[in-house]
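Work through the exercises below with the coordinates open. Try each task before reading its solution.

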Amino acid sequence: MAETIRCTHCGEKRPGLPFAPFPNELGQRIAAEICQPCWSGWLQKQTQIINHYGLDLTNPDAQTFLFDNIKGYLFGDAPNVAEIDTTKEGSVKW
């Protein structure tokens, strides 16, 4: 079981991640500072961003865009976090 941490994102004491989600400095920071529920919240947001912007994660620019959004969402570190217009959600007719 993962150790309990004080999450940087929500401020609650909760179980942290059992491993770093990325093999880099950002992954280590996430594992040390972000709780499991906040990470799950990010994964949902990540899916929305990838789908909304049609990101090809084999492209280094798309990876940078996504990592900037991770930093902005979880830590408030990035000034330009992606906005997703959900005002028409559920109203699109095919």
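The model is predicted: local features need pLDDT of at least 70, side-chain atom pairs count only at pLDDT 80 or more, and totals for chains, interfaces and linings use all residues. Residues are numbered from 1 along each chain as its sequence is written, and side-chain values use heavy atoms, without hydrogens or water.

**Exercise 1.** Find which residues of helix H1 are buried, and on which side.

Solution. 
- Helices are DSSP runs of H or I with at least four residues, numbered from the N terminus.
- Buried means under 20% relative accessible area, exposed over 50% (1.4 Å probe, protein chains only).
- In H1 (residues 25-33), Leu26, Gly27, Ile30 and Ala31 are buried.
- They lie on the same side of H1, because their arc around the axis is only 135°; the arc is taken over directions from the helix axis to the C-beta atoms.
- Glu25 and Gln28, on the other side, are exposed.

**Exercise 2.** Identify what Leu74 touches beyond its sequence neighbours.

Solution. 
- Contact means heavy atoms within 4.5 Å.
- Skip neighbours within four places in sequence: Leu74 then contacts His9, Ile30, Ile34, Cys38, Trp39 and Trp42.

**Exercise 3.** Decide how many disulfides the structure holds, and check Cys35 and Cys38.

Solution. 
- A disulfide needs two cysteine sulfur atoms within 2.5 Å.
- The structure has zero disulfides.
- For Cys35, the nearest cysteine sulfur is that of Cys38, 3.5 Å away.
- That distance is too far for a bond.
- Cys35 is buried at 0% relative accessibility.
- Cys38 is buried too, at 8%.

Notes. Helix = DSSP H or I, 4+ residues; strand = E, 2+ residues; numbered from the N terminus.
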